[in-house]
Amino acid sequence: MQLRNISSADYNDLLHLAMEYCKEVGFNTDSVTLNKYVQWILTTKSIVAVSNDKAVGIISYIVYPHHLTNELCGKKIAWFVLKEHRGIGAKLLYKAEQAVKELGAKRFYCATPTKMPKAYTSIETDYVKEL
């Protein structure tokens, strides 16, 4: 398994990852929206896990100044691994943490529906309300 930055050559694999994620979490979407999403993801800082020349997992992140402290922070904006390749997700997370630290970030924020590694402390919980 190789971890590397995304490239436009990953487009079809990223589209497949997005479709699988939507199926898994129950999002009802369409191909136009998914294509726009993949086009946007290609503009972000993202790392893919590659197996047999196919992207099988992704983590995307941003680095920004915290709104209260002005310290640089990293934040996960997308993170998904195909079921048959689960286990590589922790390595993707670690690689993203390293990348934001190299860019000067002091913290890494990560909202996720799954349990986080013990190194993470819960300081807030994200909630969503259908409107």
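## Buried or exposed

A residue counts as buried when its relative accessible area is under 20%, and as exposed when that area is over 50%; in between it is partly exposed. This structure is a predicted model. Serine 60 has a relative accessibility of 0%, so serine 60 counts as buried.

Buried residues make up 35% of the chain, which has 131 residues.

## The overall layout

The chain has three helices and five strands. Along the sequence they follow the order β-α-α-β-β-β-α-β.

Contacts can also be sorted by separation along the chain. Take the contacts between residues at least 6 apart in sequence. Of these, 59% join residues at least 24 apart.

## Two residues on neighbouring topics: Ser60 and Lys75

Where does serine 60 lie? Serine 60 is part of strand β3, which covers residues 54-65. Leave aside residues up to four places away in sequence. Serine 60 then touches Ile41, Thr44, Lys45, Ser46, Lys75, Lys76, Ile77 and Ala78.

Lysine 75, one of those partners, sits in strand β4. Lysine 75 has 28% relative accessibility, so lysine 75 counts as partly exposed. Again leave out residues up to four places away in sequence. The contacts of lysine 75 are then Ser60, Tyr61, Ile62, Tyr64, Phe108 and Tyr109. Valine 63 is twelve residues from lysine 75 in sequence. In space, the C-alpha atoms of lysine 75 and valine 63 are 6.5 Å apart.

## Aromatic pairs

How many aromatic pairs does the structure hold? There are three. Tyrosine 21 and phenylalanine 80 form an edge-to-face pair. Their ring centres are 5.4 Å apart, and the angle between the planes is 75°. An angle over 60 degrees counts as edge-to-face, which is why this pair gets that label. Tyrosine 21 belongs to helix α1 (residues 11-25), while phenylalanine 80 belongs to strand β4 (residues 72-81). The pair therefore ties together parts that are 59 residues apart in sequence. Tyrosine 21 is partly exposed, because its relative accessibility is 30%. Phenylalanine 80 is buried, because its value is 9%.

Tyrosine 37 and tryptophan 40 make a tilted pair. Here the centres are 6.1 Å apart, with 45° between the planes. Tyrosine 37 and tryptophan 40 are three residues apart in helix α2 (residues 31-41), so about one helical turn separates them. Tyrosine 37 is partly exposed, with a relative accessible area of 33%. Tryptophan 40 is also partly exposed, at 43% relative accessibility. Elsewhere, Tyr21, Phe27 and Phe80 form one aromatic cluster.

## Where two helices meet

Two packed helices are described by the angle between their axes and by the distance between those axes. What are these values for α1 and α2? Their axes come within 9 Å and cross at roughly 120°. That angle makes α1 oblique to α2. The crossing of α1 past α2 is right-handed.

Residues from both helices make the contact. Helix α1 supplies Tyr11, Leu14, Leu15, Ala18, Met19 and Cys22. Helix α2 supplies Leu34, Asn35, Tyr37, Val38, Gln39 and Ile41. Sorted by class, the contact has ten nonpolar residues, two polar residues and no charged residues. Tyr37 is in the tilted pair with tryptophan 40, and Ile41 touches serine 60.

Asparagine 52 lies in the loop between β2 (45-51) and β3. Asparagine 52 has a relative accessible area of 73%, so asparagine 52 is exposed.

Asparagine 70 has a positive phi too, about 65°, although asparagine 70 is not a glycine. Its place is the loop between β3 and β4. At 58% relative accessibility, asparagine 70 counts as exposed.

How values were computed: Residues are numbered from 1 along each chain as its sequence is written. This is a predicted model: local features need pLDDT of at least 70, side-chain atom pairs count only at pLDDT 80 or more; totals for chains, interfaces and linings use all residues. Side-chain values use heavy atoms; hydrogens and water are left out. Helices (H or I, at least four residues) and strands (E, at least two) are DSSP runs, numbered from the N terminus. Buried means under 20% relative accessible area, exposed over 50%, partly exposed in between (1.4 Å probe, protein chains only). Contact means heavy atoms within 4.5 Å. Rings of Phe, Tyr and Trp (its six-membered ring) pair if their centres lie within 6.5 Å; planes under 30 degrees apart count as stacked, over 60 as edge-to-face and the rest as tilted. Axes are lines fitted to C-alpha atoms, for helices over the stretch in contact, and angles run from 0 to 180 degrees between N-to-C directions. Angles under 35 degrees count as roughly parallel, over 145 as roughly antiparallel, 65 to 115 as roughly perpendicular and the rest as oblique. A crossing is left-handed if the near helix is turned anticlockwise from the far one by less than a right angle, and right-handed if clockwise. Ala, Val, Leu, Ile, Met, Phe, Trp, Tyr, Cys and Pro count as nonpolar, Asp, Glu, Lys and Arg as charged, and the others, Gly among them, as polar.
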